[in-house]
Amino acid sequence: MSKPYFVYMLECRGGRLYTGITTDLQRRLTEHRDGRRGARFTRSHPPRKLVASQQVDSRSTALKLEAALKRLDKTGKLNWIAQHA
């Protein structure tokens, strides 16, 4: 059985939103906050808080959802946050 994946969204400095996937949400949040192993985006726009996350069954599903979320405009992202906060 495969590990569950999480698709998550962070609110970063300046009100920007960052979307990512992981199998260990707490570890990944710590990496983003520490700045060493976080994404390039979160090194220059430090995360303020986790605003939403959704558990999915597979990496494939997580990657597809992440891509779909990244294509949304800010209003669409805020709607997703409201449903998954």
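The legends below walk you through several close-up views of one predicted model.

Residues are numbered from 1 along each chain as its sequence is written, and side-chain values use heavy atoms, with hydrogens and water left out. Because the model is predicted, local features need pLDDT of at least 70 and side-chain atom pairs count only at pLDDT 80 or more, while totals for chains, interfaces and linings use all residues.

**View 1. An open sheet of three strands runs in the order β2-β1-β3, with antiparallel pairing.** Strands here are DSSP runs of E with at least two residues, helices are runs of H or I with at least four residues, and both are numbered from the N terminus. Two strands pair if DSSP finds at least two bridges between them. The edge strands are β2 and β3 (47–56), and each of them pairs on one side only. From one strand to the next, the twist averages 20°; the axes behind such angles are lines fitted to C-alpha atoms (for helices, over the stretch in contact), and angles run from 0 to 180 degrees between N-to-C directions.

**View 2. Here β1 and β2 form a hairpin with four residues between them.** Look in the turn for Gly14, which has a positive phi of about 85°. The two strands β1 and β2 pair in the antiparallel sense over six bridges.

**View 3. Strand β2 is mostly covered, with six of its six residues buried.** Buried means under 20% relative accessible area, exposed means over 50%, and partly exposed lies in between (1.4 Å probe, protein chains only). Which residues point one way from β2, and which the other way? Leu17, Thr19 and Ile21 point one way, Tyr18, Gly20 and Thr22 point the other way, and all are buried.

**View 4. Tyr8, Tyr18 and Phe41 form one aromatic cluster.** A search of the whole structure finds two aromatic pairs. Rings of Phe, Tyr and Trp (its six-membered ring) pair if their centres lie within 6.5 Å; planes under 30 degrees apart count as stacked, over 60 as edge-to-face and the rest as tilted. Tyr8 and Tyr18 make a tilted pair, 6.3 Å centre to centre with 45° between the planes. Tyr8 lies in strand β1 (residues 5–12) and Tyr18 in strand β2 (residues 17–22), so this pair ties together parts that are ten residues apart in sequence. The ring centres of Tyr18 and Phe41 are 6.0 Å apart and their planes are at 20°, so this pair is stacked. It links distant parts of the chain, with Tyr18 in strand β2 and Phe41 in helix α2 (residues 40–44), 23 residues apart. Tyr18 is buried, with a relative accessible area of 14%, whereas Phe41 is partly exposed at 26%. Tyr8 is buried too.

**View 5. Helix α1 (residues 25–34) has the buried residues Leu25, Arg28, Leu29, Glu31 and His32.** These residues cover an arc of only 160° around the axis, which puts them on the same side of α1. That arc is taken from the directions from the helix axis to the C-beta atoms. What do the buried residues of α1 pack against? They pack against β1, β2, α2 and β3, where contact means heavy atoms within 4.5 Å. Just after α1, Gly35 takes a positive phi of about 85°.

**View 6. Arg27, Arg28 and Glu31 are linked in a network of salt bridges.** A salt bridge is a side-chain nitrogen of Lys or Arg within 4 Å of a carboxyl oxygen of Asp or Glu. Between Arg27 and Glu31, the closest N and O atoms are 3.0 Å apart. For Arg28 and Glu31, the closest N and O atoms are 2.8 Å apart. Arg27 and Glu31 lie four residues apart in helix α1, while Arg28 and Glu31 are three residues apart in that helix. An α-helix has 3.6 residues a turn, so residues three or four places apart point the same way. Arg27 counts as partly exposed at 36% relative accessibility, but both Arg28 and Glu31 are buried.

**View 7. In helix α3 (residues 59–71), Lys70 and Glu66 are separated by about one helical turn.** Lys70 forms a salt bridge with Glu66, and their closest N and O atoms are 3.2 Å apart. Lys70 is partly exposed, with a relative accessible area of 46%, whereas Glu66 counts as buried at 13%.
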